[in-house]
Amino acid sequence: MEWLLGIGGALLLGVVTNLVYDFAKFGGSRLGSRVPVPRVRRASLTAAARAHDVRADGLAPLITWSAARPLVPGTLVTAHRGRVERPHALDAAGWAEDVARQRAAGAAGRTAYISRLTVDHGEHGGARVCEVDIAESDYAECMATTRLGREDPAAARLLRAALDEGLTSFVAVAPPTMVSACVAVRDRLGLLLLRRSLAVNTFPAQWTVGINETMKYRDEPGAAEDFYGLVRRALEEELGLLPDDVGPAVITWLGWSEPASCYTLVATVRSRLDAAGIDRRREACHSTFEHDMAVWVPFTRRTVSELVEGGTCPDGSRRWSYLAPLVAWEAWRAAQQERA
């Protein structure tokens with residue numbers, strides 16, 4: 001027995017001696033490579049939240065970006081094409097006649113949509129470019145596209161058939177519509193939820209995760225919007241937040257919304273102001289009338305899972321926007337990317 005203890009003691013002394021030597025000589029860098037470091041698994045949402053399929057909410061994913069393949073301003077190439085005249089999927093569904101009726105009813109205003117979208121699938125980093133052509137539309141065209149997609153079964157089938165052909169084919173035949181940005185807003189600990197007021201024309205009294213804004217077509221020098229410009233304007237008009245008030249926008253999702261018949265973009269920003277500071281800005285901003293209630297909830301696994309699963313709204317109702325599960329999920333995914 002004594003000889004076993006002697007051998008064990010000698011081995012232990014040798015290991016300790018090597019560790020002390022490595023630390024003294026290499027400053028701990030080699031020590032880190034010799035001693036396994038436990039990998040802490042980032043918290044995931046509940047199984048029910050992970051199983052949620054946004055297609056059931058009428059949302060068709062076209063592109064998703066990750067920490068390994070992020071979208072950043074340097075990989076987004078945007079061209080503005082003005083009016084683009086071409087055949088599209090709703091020509092056979094009476095779209096032009098519906099546009100004329102919308103214009104006669106007073107619908108007006110310049111909007112924008114995606115007329116071409118390509119992603120280079122090359123594996124090297126330099127090939128990770130997203131090329132987007134932005135074309136001009138107007139509000140009457142958006143209203144016609146939305147109404148037909150929502151209320152006309154034949155038109156809805158035409159759009160669904162085009163979606164089933166894939167991203168490139170769909171974008172080539174999508175009708176003039178709009179690009180809507182959903183922007184989740186976080187402070188250090190919380191996530192902002194807003195209730196749409198009764199003054200808005202679309203989805204009144206529904207709860208959203210963050211804010212929503214529609215792209216405008218602008219051709220004045222320096223005023224043209226890309227995805228990031230749209231997010232910046234949304235933050236300023238809806239919450240009074242300026243670029244220095246937030247960190248970089250993390251865009252993680254682009255797809256098609258069937259309920260609104262438009263392109264939908266999801267971004268997340270982390271505010272440098274606390275919740276109280278953001279609330280003060282929001283109450284004095286341009287579009288404060290669009291929301292009648294704002295609530296901050298903890299940005300935790302449990303809370304985000306409940307949002308994705310469609311739990312109770314802060315006012316006790318269940319009047320969630322159909323976009324809320326997607327935006328909550330993408331906010332969580334963007335946060336995980338920060339820690340990757």
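Colleague: What share of the 340 residues in the chain do buried residues make up?
Modeller: Buried residues make up 47% of the 340. Buried means under 20% relative accessible area, exposed means over 50%, and partly exposed lies in between, with a 1.4 Å probe and protein chains only.

Colleague: What kind of model is this?
Modeller: This is a predicted model, where local features need pLDDT of at least 70, side-chain atom pairs count only at pLDDT 80 or more, and totals for chains, interfaces and linings use all residues. Residues are numbered from 1 along each chain as its sequence is written, and side-chain values use heavy atoms, with hydrogens and water left out.

Colleague: How many helices and strands are there in the chain?
Modeller: The chain has 11 helices and 11 strands. Both are DSSP runs numbered from the N terminus: helices are H or I with at least four residues, strands are E with at least two.

Colleague: Why is Thr146 called buried?
Modeller: Thr146 has 11% relative accessibility, so it counts as buried. It belongs to helix α5, residues 139-151. Thr146 touches Met178, Pro259, Ala260 and Ser261, leaving out residues up to four places away in sequence. Contact means heavy atoms within 4.5 Å.

Colleague: What makes Ser180 count as buried?
Modeller: Its relative accessibility is 12%, so Ser180 counts as buried. Ser180 sits in strand β5. Not counting residues up to four places away in sequence, Ser180 touches Glu213, Thr214, Cys262, Tyr263, Thr264 and Leu265.

Colleague: Why does Arg81 count as partly exposed?
Modeller: Arg81 is at 47% relative accessibility, so it counts as partly exposed. Arg81 lies in strand β2, residues 76-82. Beyond residues up to four places away in sequence, Arg81 touches Asp133, Ile134 and Tyr217. Arg81 and Ser115 are 34 residues apart in sequence and 8.5 Å apart in space, C-alpha to C-alpha.

Colleague: What does Ser44 count as, buried or partly exposed?
Modeller: At 22% relative accessibility, Ser44 counts as partly exposed. Ser44 is in the loop between α2 (29-34) and α3 (47-50). Leaving aside neighbours within four places in sequence, Ser44 contacts Arg50, Arg301 and Trp332. The C-alpha atoms of Ser44 and Arg302 are 9.8 Å apart, although 258 residues separate them along the chain.

Colleague: Which percentage describes contacts between residues at least 24 apart?
Modeller: Take contacts between residues at least 6 apart in sequence: 75% of them join residues at least 24 apart.

Colleague: How do you know that the buried residues of α9 line one face of the helix?
Modeller: The buried residues of α9 (275-283) are Ala275, Gly277, Ile278 and Arg282. Seen down the axis of α9, they fall within an arc of 160°, so they line one face. The arc is that of the directions from the helix axis to the C-beta atoms. On the face turned away from the buried side sit the exposed residues Arg280 and Glu283.

Colleague: What covers the buried residues of α9?
Modeller: The cover includes β5 (179-186), β6 (190-196), α8 (227-239) and β11 (291-298).

Colleague: Why is α11 called largely enclosed by the rest of the structure?
Modeller: In α11, 13 of the 16 residues are buried, so the rest of the structure largely encloses it. From first C-alpha to last, α11 reaches 23 Å, close to the 22 Å expected at 1.5 Å a residue. The expected span of a helix is 1.5 Å times one less than its number of residues.

Colleague: What is said of the phi of Ser261?
Modeller: Ser261 has a positive phi of about 50° although it is not a glycine. Ser261 lies in the loop between β9 (250-257) and β10. Its relative accessible area is 1%, so Ser261 is buried. Ala205 also has a positive phi, about 65°, and is not a glycine. Ala205 is in the loop between β6 and β7.

Colleague: Which residues lie nearest the centre of the largest pocket?
Modeller: Tyr139, Met178, Arg196, Thr202 and Thr214 lie nearest, out of 41 lining residues. α5 gives the most to the lining, with seven residues.

Colleague: How do the lining residues of the largest pocket divide?
Modeller: They divide into 17 nonpolar, 14 polar and 10 charged. Ala, Val, Leu, Ile, Met, Phe, Trp, Tyr, Cys and Pro count as nonpolar, Asp, Glu, Lys and Arg as charged, and the others, Gly among them, as polar.

Colleague: What makes a space a pocket?
Modeller: On a 1 Å grid over the protein atoms alone, a pocket is an open set of points with protein on both sides within 12 Å along at least five of seven lines, whereas in a cavity a 1.4 Å probe fits but cannot get out; lining residues have an atom within 4 Å of a point.
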